[in-house]
Amino acid sequence: MNTSKLLRLPATIGVLVSTVLLTSGCKSMIVFDPKGPIGSQERDLIYITTLLCLIIVVPVLVITAWIIWRFRNKKDNNAPYQPIWSHSTKLEILWWGISIAVILVVGIVTARYTYALDPAKPIASDKKAITVQVTSLDWKWLFQYPEQGIATVNYLVIPERTPIKFELTADGPMNSFWVPQLGGMIYTMSGMATTLYLQADEPGNYMGTGANFTGRDFAKMGFTAKATSKADFDQWVAESKAKGKALSEEGYQQLAAQGTSDRLTFASIPSGLFERIVHEYSTSRGAPPGYTIRARTLSEEKKAEHTEHSKNGQLPPGNNAQKDAPDVRSFGQSDYNSHNMHMNHGK
Amino acid sequence: MRGGASVIDSIKDFVSWFFVTGDPLIYGADVAIVLTTVAIIFVLTYFRKWDWLWREWLTTVDHKRVGIMYIIASLLMLFRGGVDALLMRTQLAFPDLKFLSPEHYNEVFTTHGVEMIFFMAMPLMFGLFNIAVPLQLGARDVAFPFLNSLSFWLFFMGAMLFNMSFVIGGSANAGWLSYPPLSELTGSPGVGEDFYIWGVQISGIGSLMTGINFIVTIVKMRAPGMTWSRVPIFTWSVLSSCIAIIVAFPVLTVTLALVFLDRFLGAHFFTTDGGGNAMMYVNLIWMWGHPEVYIIVLPAFGVFSEVVAAFSRKRLFGYGSMVFAMLSISLLAYFTWLHHFFTMGSGADVNLFFAITTMIIAIPTGVKIFNWLFTMYRGRITFQTPMLWTLGFIPCFVVGGMTGVMLSAAPADFQFHNSYFLIAHFHQVLIGGAVFGYFAGLYYWWPKIFGFKLNEPIGKWAFWIWNIGFYVCFMPQYFVGLDGMTRRLSSYGWDKGWWAMNFTSTIGGFLMGLGFLFQVWQIAHSIKFMEKDTTGDPWGARTLEWSIPSPAPLYNFATIPVVTDRDDWWEEKERIAAGKAPKARPKLEPIHMPKNSPIPFIQAICWFTVGFGLVFHWLWIAIPGFIGIALTMLAHSFNYDTDYYIPVDEIKRTEAKAGRIV
């Protein structure tokens with residue numbers, strides 16, 4: 001018994017220290033500091049489910065501690081002892097009931113949010129959505145802007161308060177596109193295109209990352225998503241068109257080879273490149289060669305049926321503290337030339 | 001002369017390709033492996049133990065000895081998987097650290113996952129099955145003792161094959177579930193993936209056979225009077241786990257076979273070029289993989305139920321509800337696999353279905369927690385080590401279950417998926433659930449297995465260090481995940497702000513390692529200052545295994561007990577304490593026992609040979625291996641000399657030695 005008394009002190013200190021460490025870390029967590037309607041709703045859902053679970057978890061932990069203390073085997077413990085008592089229909093109904101009720105509530109909340117936050121569901125807005133076609137490569141991200149006719153590597157510029165329709169695929173191992181402050185992730189898979197709508201409500205640099213393991217330089221698949229005003233965005237597009245280099249088919253093949261890359265800007269893109277990347281791997285789905293329709297996710301096809309709008313528009317509270325990412329403007333625009341494509345083609 | 005030089009060159013080339021080179025850590029391991037092997041050979045030879053090793057262990061079909069071998073092997077694998085974990089935590093302790101290269105880091109985390117799930121959790125669980133189930137049933141062995149031994153040796157050889165990749169050929173590095181196309185030839189051109197495929201495949205076949213064996217044992221070999229409502233709760237948990245095994249493991253076998261065909265014959269089941277589909281693999285592997293986590297955790301629930309009742313000196317509360325909960329978990333486990341890829345864009349309908357089915361599992365699991373609590377309620381709780389691990393499990397699993405429900409809400413999962421939040425969750429349920437449970441089981445049954453108790457004070461130190469280490473290690477990971485850190489990152493920059501939490505986590509990891517060392521010390525200390533268990537029932541427990549001497553004699557029960565109650569041994573003790581006559585025992589009769597056989601060991605070596613040959617595409621090794629498997633099967637089929645009888649005199653002598661009068 002002496003040892004357990006001895007251990008109680010370090011145990012208490014350990015718990016206290018970790019509590020302090022953890023609560024001090026909370027303020028800066030980016031999932032809890034969303035900057036767009038999708039991210040805010042996801043944060044709300046996380047809060048709701050956490051609270052609903054805590055309704056059960058906290059009392060259970062308190063009851064556990066009390067039972068262990070109350071019924072510990074001590075000589076002077078006068079707690080009742082009923083060694084045969086092992087069944088009570090009332091009690092069993094009670095906790096089956098509580099468990100079912102809580103899961104029912106969590107389930108209903110989840111159902112509502114699952115339809116509202118279907119990644120392929122457009123964000124209601126008076127502004128027209130901008131399409132960005134995302135391709136995960138080994139080990140870099142290619143972002144094509146089909147409407148603007150430009151492309152970037154490893155950085156993304158988007159106008160604020162405008163829905164962005166990301167169309168995603170992979171030319172290589174499957175990856176996952178994730179900009180936590182704008183909203184949740186979605187897989188990029190070769191031979192398929194997924195759709196993800198996100199929107200930034202205020203300008204800033206947001207951390208983006210690949211979330212699904214893809215091999216050696218997976219850790220280098222971070223990118224910056226920069227949200228700017230519409231005017232700045234248009235100016236950036238114009239500058240990119242003027243100063244970037246054209247992306248040729250051959251250039252794409254070089255880019256797609258294994259290796260990491262700096263941030264790059266391309267003034268033009270071959271037409272239909274994204275669709276060709278998708279269909280290069282989709283022979284099993286019967287796409288005739290060269291036939292380029294946008295591969296659609298199931299839910300996108302259902303979009304016509306579901307006309308409800310997501311709850312968007314409310315600005316999340318919060319500060320402008322962002323992850324320390326370098327300003328996108330300082331690179332990729334003017335100083336691009338063919339020599340700074342530091343690509344490492346394989347080993 | 002030139003010819004001679006090129007032969008030497010090609011030998012050099014071969015050696016540098018065949019053996020893993022270039023890393024001081026690996027060279028250290030090479031030296032350690034050679035020294036350990038030499039030491040083992042020396043000790044066995046010096047003490048003339050080769051014959052003993054062969055007769056008593058390598059050829060044994062006794063479930064208790066098979067169980068002990070499972071436990072020893074799995075604890076060694078726990079050590080290795082743990083060292084891998086500490087290597088990773090060291091690499092992540094500081095940003096931009098160059099302790100492990102990205103390639104090496106990828107190999108280490110892949111190995112860590114494979115070791116811990118396939119070669120630590122599964123065999124430790126099977127060890128407990130083997131030790132406890134026949135004894136709880138009042139049986140003399142499992143239904144198929146030969147098959148049981150074969151299962152063990154397949155696991156062992158599979159594990160050895162996988163472990164070899166670390167010094168020969170190179171390790172797998174595509175993650176513990178080897179998603180294509182990363183695990184295909186394009187992504188992993190080396191032999192590491194083939195080692196993974198065959199290591200897991202061979203041991204997986206062993207697991208499937210164990211599942212079949214224990215279902216038959218539990219259905220057919222219960223002592224007379226043991227109706228389904230009197231089956232001990234741990235045995236129920238084993239049954240529900242085995243039901244999941246026999247449905248899940250064939251899926252794994254087929255999936256691994258298909259990915260092997262992709263790699264070996266250039267098929268395109270899972271390569272997107274050529275019409276295959278990588279997501280098909282992801283579906284298949286999780287159709288096995290999600291039930292797998294319940295397979296691992298259900299027996300731990302059984303252990304907790306036994307331990308809680310024994311150390312509260314009270315009947316298990318809500319037995320019927322517990323059994324129903326476990327069986328429903330083993331069924332529901334099949335409707336949850338898709339929650340591992342909510343983010344693949346399958347649409348709201350599909351995501352919602354799997355979100356709800358996943359959440360539903362929280363209901364029976366939550367009910368079990370309440371039942372454990374109310375088993376303690378109005379009991380008399382004592383705090384020996386098995387009970388401590390059980391009590392440590394409750395808060396840990398409650399919190400892990402809560403984060404599981406949070407993860408199951410599909411749109412919330414878009415933010416948690418593949419992040420450290422997920423890592424923290426599954427370590428919390430797998431360590432807090434399964435590992436704590438197996439530790440509780442190991443401490444609980446240790447006296448029954450070895451005939452002596454483990455030292456309690458050192459065990460309590462180990463428990464507290466482990467637990468504090470656990471929370472310090474995994475709690476920060478929830479938060480660093482919410483801060484955008486994804487799993488399997490080999491390094492990260494200072495600018496991310498993840499340093500403090502990762503560093504804390506690393507400290508916790510090393511504390512858990514220290515806890516493990518305390519357990520090693522505890523075992524060594526207890527062997528030296530042995531506290532012999534002469535009663536056969538050191539804890540005042542409730543089920544049949546405690547009615548026989550410790551360690552259990554070869555034949556387990558001198559006479560097969562007739563069961564009249566759920567906690568039959570407890571009721572018997574109560575009757576004796578009340579001055580009533582104990583149950584009448586039938587007269588001793590010769591006991592029918594299975595004979596030892598070298599075939600499982602030899603056949604498993606043949607499997608190892610096949611695996612090794614196919615890994616390197618050397619058919620001249622693989623084909624003799626196949627022939628060996630066929631021959632050993634044939635030899636066993638025509639072997640009619642498989643059993644013998646233990647005479648009554650010998651039983652009398654054995655029982656008298658253990659202080660029993662029959």
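In which helix of chain B is the place of B:Thr210? In this predicted model, B:Thr210 belongs to helix 7 of chain B, which covers residues 192–220. Its relative accessibility is 0%, so B:Thr210 counts as buried. Leaving aside residues up to four places away in sequence, B:Thr210 is in contact with B:Tyr70, B:Phe126, B:Ser151 and B:Cys242.

The side chains of B:His340 and B:His290 form a polar contact at 2.7 Å. With residues up to four places away in sequence left out, B:His340 touches B:Trp286, B:His290 and B:His417, as well as A:Tyr187 from the other chain.

The two residues compare as follows.

| Residue | Relative accessibility | State |
|---|---|---|
| B:Thr210 | 0% | buried |

Between chain A and chain B, 96 residues of chain A meet 96 residues of chain B. The two chains bury about 8,800 Å² between them, with 71% of this area on carbon and sulfur atoms. No salt bridges are counted between chain A and chain B, whereas 21 residue pairs across the interface are in polar contact, both residues being at pLDDT 80 or more. Elements giving two or more residues to the chain A side include helix 1 (2–25), helix 3 (89–116) and strand 7 (183–188). Helix 2 of chain A gives the most, with 16 residues. By class, the side of chain A that touches chain B comprises 55 nonpolar, 31 polar and ten charged residues.

Terms used. Residues numbered from 1 in each chain as written. Chains lettered and ligands numbered in written order. Predicted model: local features only at pLDDT ≥ 70, side-chain atom pairs only at ≥ 80, totals over all residues. Heavy atoms only, no water. Helix = DSSP H or I, 4+ residues; strand = E, 2+ residues; numbered from the N terminus. Buried < 20%, exposed > 50% of the residue type's maximum accessible area, 1.4 Å probe, protein only. Contact = heavy atoms within 4.5 Å. Polar contact = N/O pair within 3.5 Å; in protein donor to acceptor, adjacent residues only side chain to side chain. Buried area = accessible area lost by both parts, 1.4 Å probe. Salt bridge = Lys/Arg side-chain N within 4 Å of Asp/Glu carboxyl O. Nonpolar A, V, L, I, M, F, W, Y, C, P; charged D, E, K, R; others polar.
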